[in-house]
Amino acid sequence: MKKELKISILAIAGALVLLAVVLAVNFILYPVYRSYENANGEFRVKIDGSVYEYFNDAHWSIEADPSKRIGYLDGIGTTLYEYEGDEESNAFYVNRYASDMAVMSLVKEGLQLGSISAGNVYSIKFDDPEINRYLKMVFDASFETQDEQLIADFFAALNDDAMKTEPEQMEQDITQAFMLKCYNKRLPIAAASFQVYTWQGQFVCFDESTGTYTIMPPQIFTDIAGGGFDAQALLEE
């Protein structure tokens, strides 16, 4: 019995030593960044010389995936990751272990994304064309544009009050067609999404930021997609 107890104690001690080594290595490889409150009592943290705050925007969302771990926030219970494609380190992903909190991100202090408008968008992309049943068989379309005129045309059509329709009218005979994502100029990994539907032989675009539906000309989507995509033909199926 004493021998078994001694073995158990040694096993526990070994495990604790191993844990201590792992923690020590983690702290050596990955720094701990300490948060603080600014003069207004708001959360801030300095990372590699730049100050960051929590990302909180009602209209834009970060669409990139987290990639390389950079360190911890206030201890090993919260890990910080870079975002794929964020070459200027404008944002970081916050992963809280054993937490039911929503996904959080940090952005550089004072980084304002602006309204969802042509002046703040550098790219419009069709979301997941390879799995969309309407789009996946069109092999020669890019399903993306960075053309400033096309982006301006899209928002001009979207904001045409004469083509707005009442939400109550959209409760029947509406079919989801595809989604567009408009990527922000100041934070290229952030996007605003627009769901496009077919309704009574027309395309209707839903603007979540305003809660409005707008009838859109098919040519807009043909031009944005490029290649062999024919939006009008989709309506005629």
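How many bridges join β7 to β8, and in which sense do the strands run? Five bridges join β7 to β8, and the two run antiparallel. Strands here are DSSP runs of E with at least two residues, helices are runs of H or I with at least four residues, and both are numbered from the N terminus. Two strands pair if DSSP finds at least two bridges between them. The model is a predicted one: local features need pLDDT of at least 70, side-chain atom pairs count only at pLDDT 80 or more, and totals for chains, interfaces and linings use all residues. Residues are numbered from 1 along each chain as its sequence is written, and side-chain values use heavy atoms, with hydrogens and water left out.

Start with the sheet. It is open and has eight strands, in the order β1-β6-β7-β8-β9-β4-β3-β2. Its pairing is mixed. β1 (32–33) and β2 (35–37) stand at the edges. Each has a single partner strand, so one side of each lacks a neighbour in the sheet.

Now walk across from β1. Two bridges join β1 to β6 (residues 66–73), and these strands run parallel. Y33 stands opposite L73 in β6. Next, β6 meets β7 through four bridges, and the two run antiparallel. Y72 has T79 in β7 as its bridge partner. The hairpin of β6 and β7 has four residues between the strands, and D74 in this hairpin takes a positive phi near 65°.

β7 spans residues 78–83. Five of its six residues are buried, so the strand is largely enclosed by the rest of the structure. Buried means under 20% relative accessible area, exposed means over 50%, and partly exposed lies in between (1.4 Å probe, protein chains only). On the β8 side, L80 has V94 as its bridge partner.

β8 (residues 91–96) pairs with β9 over four bridges, in the antiparallel sense. A91 stands opposite V107 in β9. Strand β9 (residues 104–108) is mostly covered, with four of its five residues buried. Its pairing with β4 (residues 50–54) is also antiparallel, over three bridges. Here Y54 stands opposite L106 in β9.

The whole structure holds 18 of them. Rings of Phe, Tyr and Trp (its six-membered ring) pair if their centres lie within 6.5 Å; planes under 30 degrees apart count as stacked, over 60 as edge-to-face and the rest as tilted. F43 and Y54 have ring centres 4.1 Å apart and planes at 15°, so they are stacked. F43 lies in β3 (residues 43–47) and Y54 in β4, 11 residues apart. Y54 is partly exposed, at 27% relative accessibility.

Y197 and Y213 make a tilted pair, 6.4 Å centre to centre with 50° between the planes. Y197 belongs to β14 (residues 190–199) and Y213 to β16 (residues 212–216), so the pair ties together parts 16 residues apart in sequence. Y197 is buried at 17% relative accessibility. Y213 is buried too, at 15%.

Two rings carry a charge over the face. The criterion is NZ of Lys or CZ of Arg within 6 Å of the ring centre and within 35 degrees of the ring normal. R69 lies over Y30, at 4.0 Å from the ring centre. K125 lies over Y183, at 5.0 Å from the ring centre.

The largest has 44 residues, and F126, F154, F178, F203, F221 and F229 touch the most other members. Helix α2 (residues 148–158) supplies the largest share, five residues. Apart from this core lies another of 12 residues, among them I47, L80, F92 and M104.

Look closely at F221. Leaving aside neighbours within four places in sequence, F221 is in contact (heavy atoms within 4.5 Å) with residues including F126, F154, L180, V196 and M216.

Last, the cysteines. A disulfide is a pair of cysteine sulfur atoms within 2.5 Å, and a search of the whole structure finds zero. C182 is buried, with a relative accessible area of 0%. C205 is also buried, at 0% relative accessibility.

Technical notes
A nonpolar core is a set of buried Ala, Val, Leu, Ile, Met, Phe, Trp, Tyr and Cys residues joined through side-chain atoms within 4.5 Å.
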